Amino acid sequence: MFSQNFSAVSRTPANSLAGSHIRIDGLSKAYPDRRVLTNVSFAVASGERACLVGENGSGKTTLLRIVAGIDDDFDGAVSVPGIVGLYHQELPFPLTWSLAEVIADATSEHRVVLQAIEETGNAIAAGEDGASSRFEEALATAERIGAWDIDSVADRLLHGFGLNAVEQKRRVSAMSGGQQARLSLAWLLLSSPDTLLLDEPTNHLDDGAADLLASLLASWNGPVLIASHDRAFIDAVATTIMDLDPAPSRHADTVLDDSPGSGFGITKFSGTYTDFVASRSRERELWEKQYRDEQEELKELRARVGRGHATDNPSRPIKTEQRAAVKFYSDRNAKAVSRRVRDAERALEQLNQDQVRKPPAELSFAGLSVAGGQSYQEGFGDQTVLVGSGLGVEGRLAPIDISIRQTDRLLMTGENGSGKSTLLKILCGEIETFDGSLNYPARTTIAALAQDVGRILARRIPDRDWRKLSVVDVYGHALSEELVEQVPLRTFGLIAGRDHNRIAGSLSTGQQRRLELAVLLADPPDILLLDEPTNHFSLKLTTELENSIADYPGAVVVASHDRWLRKRWAGRTMHLEPSD
C-alpha cells in the first residue's frame with residue numbers, strides 16, 4: 001500500500017485508532033518564490049469528512065502531501081493516525097500491472113489477515129502459548145479494515161467505477177486516463193487506509209460513481225480530508241468545510257515576504273456549500289468595512305497628533321484684568337492639550353498594532369467573451385454551422401448525429417465510457433480517423449479546453465518545454481506577438497499578477513489549466529468546446545465561468561459530469577450512451 005513515514009509525521013499504532021484525529025498545529029510552508037501556508041491549525045476526527053476549499057494555488061494539494069508524509073519540508077507539527085492513503089495524480093502502481101494485479105495488491109492485506117485468523121484459530125485449538133492474543137489482534141485488524149467484505153466491495157467498486165468491462169489481463173498502460181484515475185481511486189479505497197486523503201476525487205466520476213464514493217465515505221471509520229471543487233459532492237459528503245483563502249488577520253502578523261493572496265490559518269464552516277458561499281461573502285464584506293473604518297480612524301488620529309500642542313483658541317487675546325492669571329491658564333491649557341495628545345498617541349499606537357490586514361484583491365474572471373470577437377455568421381441569423389452524421393470510433397463512441405447552431409449552448413451528458421471526450425476530439429480535429437461524416441465551413445474555427453492539463457500548451461509550443469518557461473513567456477510563445485499586445489494575459493483575471501513571472505511548471509494544476517484557458521480565449525473560436533470545465537478550477541472561478549457562457553459570441557459545447565452545472569443548465573442537452 002502507498003504509505004511513507006517521515007520524522008515530521010507521527011503514526012498512531014493501529015490498535016489505538018479509536019477516537020484518533022488528524023492534528024495540524026501551526027503548519028507553515030514556503031517555496032523559494034512564495035509562501036502558501038501560514039500558521040494553519042485544525043483537527044479532523046475519526047468519522048469526520050473535512051473538505052478543503054480555496055483559490056487555485058492556495059495550498060490544498062501541498063497540505064495533503066504534507067499530511068500524507070510525502071513533503072516533510074515545513075514548519076509546525078502534524079500527527080496522523082495509522083496508515084495513510086492519498087489519492088492524487090500519481091498512480092500508486094506500475095503501468096505494467098494488469099487490472100487483476102492491481103486489485104490483488106489492494107486486497108492483499110485483507111487476505112493475509114483472514115489467513116492469520118484461520119492459522120491462529122488452529123493454534124488455539126492446538127494449545128499454543130500466545131495464540132489467543134494473536135487471534136484477537138488479527139480479529140481486530142480484520143474488523144477495522146473490513147476484511148470479510150472485501151470481495152463484495154471490490155465488485156461494487158469495479159462496477160460502480162465503470163471498470164467491470166475492462167479485461168482482467170489488460171495492462172494499466174493500455175487504459176485511458178480516466179480509467180487509470182478511477183482504478184487508482186478503487187485501489188486506494190480497497191487498501192483500507194486508516195486516514196484517507198483525497199485530491200479532486202470526482203474529476204473522472206459519473207453520477208453513479210460519485211454516489212458510490214459518497215456512500216463509502218459516509219461509513220469510513222477513520223478521518224477523511226478532501227480537496228475538492230465539486231459543489232454537489234461537497235454538499236453530499238462534507239461534515240466540515242475548511243477554507244484556505246485569506247481571512248481577516250492583524251496587519252502586524254502579516255509575513256513581510258508573504259504573497260498577497262496567501263491566507264493565515266484556516267477558516268472552518270459547518271453546513272452546506274450554499275451556506276459556506278453566503279457566509280464567506282458576508283465575512284468579506286465585514287472585513288472590507290472594518291479595514292475602511294480603521295483607516296479613517298488612523299487618519300483622524302494622525303491628524304490629532306500632528307496638531308501637536310496647539311491650544312483650543314491660541315489667537316484669542318488675554319484681557320488686561322486676567323494678566324495675573326496668564327501663567328495659571330497657560331499651564332492648565334498646556335496640560336489639557338498634552339493629555340489629549342498623549343491619549344491620541346496611545347490610541348494611534350494601539351490601532352497601528354491591532355488594525356486588520358488589507359483585504360487582498362481577489363481574482364475575478366472577466367468572462368469567456370472578454371477578448372471580444374464576433375461570430376463569423378453574424379447577420380445571417382442563428383444558422384446551423386456544423387453537422388456530424390454517424391460519428392463514431394469503435395469501442396469508444398457509438399455512432400451519433402450532432403448539429404451545432406451559430407450561438408448554440410449544448411451540454412453533453414453520459415456515463416463514463418459513453419464517448420463525450422472522444423466526440424469533442426473529433427469535432428476539434430484531434431481525432432482524424434473516425435466513422436461517419438463531419439461538415440462545417442472552412443473558415444470556422446473550433447478549439448477545445450481538454451481534460452488533460454497541458455495538452456493545449458504542448459500543441460501550441462511544440463519546440464519548447466512549456467513547464468520550464470515563465471507564465472508570461474508561455475503566453476507569449478503560444479500566441480502571436482500582435483495578439484499578445486492586443487490581449488495581454490491580465491485581461492482575463494485568471495492568473496494573479498504576482499504569478500506572471502513564475503515558472504509555469506511550479507503552478508498548481510488548477511493554475512496551469514487557467515493559463516490554458518487564457519491562451520484559448522485570447523483568440524475566441526467560433527465553436528468553443530469545454531471538456532469537464534469545472535475540473536481543477538476553484539469554486540469561485542467555476543461559478544464565474546458558468547455565468548459567462550451565455551455571453552460568449554459563438555457556440556459553446558460543454559461535456560460535464562458536474563451535477564451542479566447540469567442542474568442549472570439553460571441550453572440544449574445531448575445524452576450519450578456507452579459504446580457496446
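Analyst: Let's start with strand 11 (residues 384–393) and strand 12 (residues 397–405), which run antiparallel and are joined by six bridges. Strands here are DSSP runs of E with at least two residues, helices are runs of H or I with at least four, and both are numbered from the N terminus; two strands count as paired if DSSP finds at least two bridges between them. The model is predicted, so local features need pLDDT of at least 70 and side-chain atom pairs count only at pLDDT 80 or more, while totals for chains, interfaces and linings use all residues. Residues are numbered from 1 along each chain as its sequence is written, and side-chain values use heavy atoms, with hydrogens and water left out.

Back to our pair: Val393 has Leu397 of strand 12 as its bridge partner. The two strands form a hairpin with three residues between them, and Gly395 in the turn has a positive phi of about 80 degrees. Strand 11 also pairs with strand 14 (residues 435–439), antiparallel again, over four bridges. There, Ser389 stands opposite Ser437.

Five strands make an open sheet in the order 15-16-17-13-18. Strand 15 (446–449) and strand 18 (572–575) stand at the edges with a single partner strand each, so one side of each has no neighbour in the sheet. On average, neighbouring strands in this sheet are turned by 20 degrees against each other, direction ignored. (Axes are lines fitted to C-alpha atoms, for helices over the stretch in contact, and angles run from 0 to 180 degrees between N-to-C directions.) Four bridges link strand 15 to strand 16 (residues 527–531) in the parallel sense, and Ile446 stands opposite Ile527.

Helix 15 packs on this sheet and touches strand 15 and strand 16; its direction makes about 170 degrees with that of strand 15. Contact means heavy atoms within 4.5 Å. Helix 15 (residues 509–522) also packs with helix 13 (residues 471–478), at an angle of about 30 degrees and with the axes 10 Å apart. Which residues meet? Val471, Val474, Tyr475 and Ala478 in helix 13 meet Leu515, Ala518, Val519 and Ala522 in helix 15. This contact has eight nonpolar residues, with no polar and no charged ones. In this scheme Ala, Val, Leu, Ile, Met, Phe, Trp, Tyr, Cys and Pro are nonpolar, Asp, Glu, Lys and Arg are charged, and the others, Gly among them, are polar.
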